[in-house]
Structures are given as C-alpha cells and as structure tokens.
Amino acid sequence: MDKIKPFIPADFKVPDSLQNEHFRIRMLTVNDVVKDYDAVMSSIEHIKKMFPTSSWPSKDLTLEQDLIDLGWHQKEFQMRSSFAYTVVSLDESQVLGCLYINPTTKADYDANIDMWIRASEVDNRLDSILFDSVKKWISEKWPFKKVAYPGREISWEQWKLMK
C-alpha cells in the first residue's frame, strides 16, 4: 500500500515567525480572536474581492464563530496539517491580516498559500510587502519545491480548473 506523502517532513521545524520593519507573522491562536474579528469585520468587502470563490467571511460572522475558526486553525497548526499565521503590527496592538499555508492535490504543487491584509492597510502597500516577504520566506525556510499563490500568480479561474 502506498503511503500518503505528508504535507511537511516529520523532522521539519515549522518556523515560529517572520518579522520585518512592517509587521510580525506568527501562529494564529484563539488568543487573537478580538483583534482578528476586528480585522475581518472591518475588511469584509476587501477580503471577498481577494477570495471571490469563497463564502467567507459573511456579514453575520459572530465573535464566537471566529473563535471556533481560530481554534480549528490552531489545532491544524499543532497537527502540522496546515498553517495559519496572523499578521500583526510590531507592537501587537492590531491584527493586520492573515496567512494560510495549505496542502493541495493540484497539479505538481506542494502547497497553496493565501493571504490577506485588512482594508485600511491596502493604500500603504502592505499587501504587496506581505506577498513579497512571504514568497521569500517560503522559498528560504520551507521545504516546498513548488508553491501556488491562487489569486496572485494563478487566477482563481485557472486554479479552480486545475486537476
């Protein structure tokens, strides 16, 4: 029987964080719920434009539902099945966005990576800074050979059609 290839090697040390002069990226936990909820709810229309094939987030998302989502992401991180990171200001006073590193069965990709920045930071070019920073971090610190960035380097239409 063929063994299923793990998402990441068992001996791989998952990076704790990435920090630059603009933000810190670290594991998303249930402790981030209040600031995460604020970032999501203040950016619903922007997030929906970033992820047009997703029904998340909805305008009726509750704090409790967001807490459940964060708990699920935190457990997946602990199980090493996917990795959700929060993007926070350097003083941690505000959640600026999120980063999701997920396995994929599409084509010959090892992972697909999605990210978003809160709407109030778009004009500050933080989205492109985040994208450039994450691409470099993934290529230097993660064990993936080929990563997909749907909605950025691959259109959502192309991504949806891939096998």
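Me: In which loop does R80 lie, and what makes that stretch a loop between α3 and β3?
Reply: R80 lies between α3 and β3 (83-88). Helices are DSSP runs of H or I with at least four residues, strands are runs of E with at least two, and both are numbered from the N terminus. The model is predicted, so local features need pLDDT of at least 70 and side-chain atom pairs count only at pLDDT 80 or more, while totals for chains, interfaces and linings use all residues. Residues are numbered from 1 along each chain as its sequence is written, and side-chain values use heavy atoms, with hydrogens and water left out.

Me: Why is R80 called partly exposed?
Reply: The relative accessible area of R80 is 27%. Buried means under 20%, exposed means over 50%, and partly exposed is in between (1.4 Å probe, protein chains only). R80 is therefore partly exposed.

Me: Why does R125 count as exposed?
Reply: R125 has 53% relative accessibility, so it counts as exposed. R125 sits in the loop between β5 (111-117) and α4 (126-141).

Me: What makes the backbone at R80 and R125 worth a note?
Reply: R80 has a positive phi of about 65° and is not a glycine. R125 also has a positive phi of about 65° without being a glycine. Most residues other than glycine have a negative phi, and most peptide bonds are trans. The bond from W56 to P57 is cis, with omega near -10°. P57 belongs to the loop between α2 (44-50) and α3 (63-79).

Me: How do you know that T29 is buried, and what is it in contact with?
Reply: T29 has 13% relative accessibility, so it counts as buried. Contact means heavy atoms within 4.5 Å. Leaving aside neighbours within four places in sequence, T29 is in contact with L70 and Q74. The C-alpha atoms of T29 and L70 are separated by 5.9 Å, although these residues are 41 apart along the chain.

Me: Why are the buried residues of α1 said to line one face?
Reply: In α1 (residues 33-41), the buried residues are V33, D36, A39 and V40. Seen down the helix axis, they fall within an arc of 130°, so they line one face. That arc is taken from the directions from the helix axis to the C-beta atoms. What covers these residues includes α2, α3, β4 and β5.

Me: What makes a set of residues a nonpolar core, and which members of the largest one touch the most others?
Reply: A core is a set of buried Ala, Val, Leu, Ile, Met, Phe, Trp, Tyr and Cys residues joined through side-chain atoms within 4.5 Å. The largest has 29 residues, and Y85, I101, I138 and W142 touch the most other members. α4 gives the most to this core, with seven residues. Apart from it lies another core of 20 residues, including L28 and M50.

Me: Why are β1 and β6 called edge strands?
Reply: The open sheet has six strands in the order β1-β2-β3-β4-β5-β6, with mixed pairing. β1 (17-19) and β6 (147-148) each have a single partner strand, so one side of each is left without a neighbour in the sheet.

Me: How do you know that β4 and β5 pair?
Reply: Two strands pair if DSSP finds at least two bridges between them. Seven bridges join β4 to β5, and these strands run antiparallel. P103 has A111 in β5 as its bridge partner.
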